[in-house]
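These are my notebook entries on one protein structure.

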Amino acid sequence: MSLLERKSQIAIAEEAEEGTAEDLSAADAILHMNPSYSPDTPMNGRPVAGNSMSPYARIPGKRSMTIEFDVELKGSGTAGTAPEFGTALKCCGCSETIVADTSVTYEPASESIPSATVGLYMDGVLVKIWGARGNVSLAVTTGGIAVLHFRFVGADFSVTDVAMLSGVSYDATKPPVFLDASFSIHDYAAKIGSLNIDMNNVLTLREDPSQASGHFSTLITDRGPMMSIDPETVKVAQADFFGDLRAGAEGAVSMSLGASAGNIATITGPKVQYATISPGSRNGLRSLGIDCAMNRSSGDDELSIALT
């Protein structure tokens, strides 16, 4: 039986006990794009000597697996109600603050980060990981839909014949596009063609010989959020990008997209610092490629995604 690529589901659930797989259900499914998986199964070679150069069978060692997927950045359609991908953000090291009927805000967290069980259903085959935590990045272009890319590393995995989840009901809210939007950095409304943010979480597998996989779970042991933009080059009097780079100046960044209540996304950072600047070209205009460090103000606040 052939498996169709278009028929896939992603489901994710917080684990009640770290490193113990959860049973996934239709309620855990999230609308997604571009799913992929990659097992890591290093083998122990056996270079033993004998009367022949023929190799002996290798012995499986530790194992883990990575599952990746994209989701559209959008609200739930109801202000104060978490989006489908809220669990994924929390298991990528984000706190979730809900203000009833008003907002859902995600910011970096340094403790109490839940582990996840993630399942990729592929038209009759289930690839499942557990004890997982992940990294998230954001990409958006002018006129396009903002996309969150998730990468989860699981402490163990299974691949089994399992039917697709039944009774799945996805949120029908349409994602906003990056038009009639706002963007400013260091108090300047730069004209950009694209923006990328990466949390750069360091994902570390916890080794544990008592586990069949050799791993207990995956931890987030560090992060270094970075942002890249491509603003038009302007005169220094308008925006002194290189002056701010030379001075190591920090400034705020803010962007928002969407206009309907329950589907407005506002992304902010209080202390953005230019790290590198290189000349570029965009549609015949001079531009700059700028990589920015997203620094803390008081801690766990270098980035905020608010859905209102």
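**Entry 1: the loop between S13 and S14.** I located Asp187 in the loop between S13 and S14; helices (H or I, at least four residues) and strands (E, at least two) are DSSP runs, numbered from the N terminus. This is a predicted model, in which local features need pLDDT of at least 70 and side-chain atom pairs count only at pLDDT 80 or more, while totals for chains, interfaces and linings use all residues. Residues are numbered from 1 along each chain as its sequence is written, and side-chain values use heavy atoms, with hydrogens and water left out.

The phi of Asp187 is positive, about 65°, although the residue is not a glycine. His186 lies in the loop between strand S13 (182–185) and S14, and its phi, near 50°, is also a positive value in a residue other than glycine. Are these residues buried or exposed? I noted the cut-offs: buried is under 20% relative accessible area, exposed over 50%, and partly exposed in between (1.4 Å probe, protein chains only). His186 has a relative accessible area of 16% and is therefore buried. Asp187 has 82% relative accessibility, so it counts as exposed.

**Entry 2: Val99.** I found Val99 in strand S7 (residues 94–99). Its relative accessible area is 39%, so Val99 is partly exposed. Val99 and Ala79 are 20 residues apart in sequence, and their C-alpha atoms lie 8.6 Å apart in space.

**Entry 3: overall figures.** I counted 2 helices and 21 strands in the secondary structure. The C-alpha atoms fill a box of roughly 75 × 50 × 40 Å along the principal axes. The protein has 308 residues, of which 44% count as buried. I then looked at contacts, meaning heavy atoms within 4.5 Å. Of those with a separation of 6 or more, 69% are between residues 24 or more positions apart.

**Entry 4: nonpolar cores.** A nonpolar core is a set of buried Ala, Val, Leu, Ile, Met, Phe, Trp, Tyr and Cys residues joined through side-chain atoms within 4.5 Å. The largest has 60 residues, and Leu73, Phe150, Phe152, Phe183, Ile185, Leu195 and Met227 have the most contacts inside it. S10 gives the most to this core, with 7 residues. Apart from this core lies another, of 7 residues, among them Ala11, Leu24, Leu126 and Leu165.

I followed Met227 further. Neighbours within four places in sequence aside, the contacts of Met227 include Ile185, Leu195, Val253, Val272 and Met294.

**Entry 5: aromatic pairs.** Rings of Phe, Tyr and Trp (its six-membered ring) pair if their centres lie within 6.5 Å; planes under 30 degrees apart count as stacked, over 60 as edge-to-face and the rest as tilted. My search of the whole structure gave 5 aromatic pairs. The ring centres of Phe241 and Tyr274 are 5.8 Å apart with planes at 50°, so this pair is tilted. The pair links distant parts of the chain, 33 residues apart, with Phe241 in helix H2 (residues 241–247) and Tyr274 in strand S19 (residues 265–282). Phe241 and Tyr274 are buried. I also noted one aromatic cluster formed by Phe69, Phe150 and Phe152.

**Entry 6: cavities and pocket.** On a 1 Å grid over the protein atoms alone, a cavity is a set of points where a 1.4 Å probe fits but cannot get out; a pocket is an open set with protein on both sides within 12 Å along at least five of seven lines; lining residues have an atom within 4 Å of a point. Points are joined across faces, edges and corners, and a volume is the space filled by probe spheres set on them.

How many cavities of 30 Å³ or more does the whole structure hold? I found 2. The largest cavity has a volume of about 130 Å³. It is lined by 15 residues, with Val136, Ile197, Met199, Leu303 and Ile305 closest to its centre. The second largest cavity has about 30 Å³ of space, and its lining residues include Gly75, Ala79 and Thr308.

The largest pocket has a volume of about 360 Å³. It is lined by 14 residues, with Glu5, Arg6, Lys7, Ser8 and Pro35 nearest its centre. Strand S3 (residues 33–40) gives the most to this lining, with 5 residues.
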